[in-house]
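Reader: I'd like a close look at one part of this model. Please keep it brisk.

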Amino acid sequence: MHVHMKAELKATSISFQNPTLFNTHQNTPPLPEPEELKGCLGSLDGACIEKLLLHCASALESNDITLAQQVMWVLNNVASPLGDTNQRLTSWFLRALISRASRICPTSMNFKGSNYTIQRRLMSVTELAGYVDLIPWHRFGFCASNNEIFKSIKGFKRVHILDFSITPCMQWPTFIDSLAKLPEGPPSLRITVPSFRPMVPPLVNISIHEVGQRLGNFAKFKDVPFEFNVIGDNVSLTSEDLSNIESTNFHFESMLSLLNPSMLNLREDEALVINCQNWLRYLSDDRKGQNISLRDAFMNLVKGLNPQIVLLVDEDCDLSASSLTSRITASFNHLWIPFDALDTFLPKDSCQRTEFESDIGQKIENIISFEGHQRIERLESGMQMSQRMKNAGYFSVPFCEETVLEVKGLLDEHASGWGMKREESMLVLTWKGNSCVFATAWVPSEIRDHIGMDAHVS
């Protein structure tokens, strides 16, 4: 566990006022305290909570139902969705463990609410803007990427951005505004997005076509020539499809088949930009008997399009392990960050806070409750993704000082705990010194050799 986390997650006294998740009679005493839990009762800090979560996970993996119930009983008396940072975070991890337990042994483990579902809420565009502004989790990547894109398209009259993002086009109003301020006048801007996206938060209550229409109205207001395209419109999804991971992978495969110059209507006189924001993790890395995974196939297809620059931004955490205990350790030490950051400026009963945390809770459930193709949250760390890009024949582009200053300016608008560091050619968002989100920029080897860019292999 990170040192900063141990310091920040203060000890939480156990309170027995929370409604129990277990279907036990009121007078039934708790199960006896196992040896593994001694020393973790009375008050719980972040280290003890993590220890309990790992004991529970190990018990579930070894089918020790008695121990799993004992640990869950203790965690249940700590967890509270409206408590302090410890209690709120524990609440979501406990829910995920209960969900997993109910799948593994539904008859042996009987919990109240074991069949709970996290409601997927649909936001308005205005609500989405507030969502991404709450903490710099998304804006950091937008700011770092936009400045590098701006630098790479200098001298081009036409710009084409192929945008893969889970926050529908929220990155581009600021970029359009910057183009409008160019003294020589703005280039024409074309943005292409896929019709299909991972069904993960944040979700908006309008179609991607309506998002594009609103973006077009803003570009018109700013006198920036604008075109918006959606690829894969012929792919229709039912509600059953959206809950079927195998079907989801199929639609990803269908979308990848459209990544060719003809389908994208690429033009020789335009600068092509590939923008990936918190998106690549949802492409399967399973080869399924094939020579290449969807994730690597995407990188190869994109490289073949000869983009001017590729931006890759995601959370800096490795959740790719097959081991449940490894994923719990990694996710617990990573996802405490947004819980802790929100606690610094939002009250405990804030609807905005509970909704943001609920979205993280949906992620926690997928990381812990599911296996195989149903587990779609398969993050790789910035270093892992960087190595993957190098293996695919990309060269890293260091972020310029102007970009660094822009990002620092953005972080100055938020709480003092936010910071930034450089790791090789990456920019990394930090909270109290702990890595949160990485941003990287890349060019294919052919582009680097053609224009003589200052790009690095290592």
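Reader: How much space lies in the second largest pocket, and what lines that pocket?

Author: First, the basis. This is a predicted model, where local features need pLDDT of at least 70, side-chain atom pairs count only at pLDDT 80 or more, and totals for chains, interfaces and linings use all residues. Residues are numbered from 1 along each chain as its sequence is written, and side-chain values use heavy atoms, without hydrogens or water.

The second largest pocket holds about 730 Å³ of space. A pocket here is an open set of points on a 1 Å grid over the protein atoms alone, where a 1.4 Å probe fits, with protein on both sides within 12 Å along at least five of seven lines. Points are joined across faces, edges and corners, and the volume is the space filled by probe spheres set on them.

Its lining has 30 residues, each with an atom within 4 Å of a point. Nearest the centre are Asn-146, Asn-147, Phe-150, Phe-175 and Ser-178. Helix 6 (139-152), helix 7 (172-180) and helix 16 (401-411) are the elements that give two or more residues to this lining. Helices are DSSP runs (H or I, at least four residues), numbered from the N terminus. Helix 6 gives the most, with seven residues.

The lining of the second largest pocket divides into 12 nonpolar, nine polar and nine charged residues. Ala, Val, Leu, Ile, Met, Phe, Trp, Tyr, Cys and Pro count as nonpolar; Asp, Glu, Lys and Arg as charged; the others, Gly among them, as polar.
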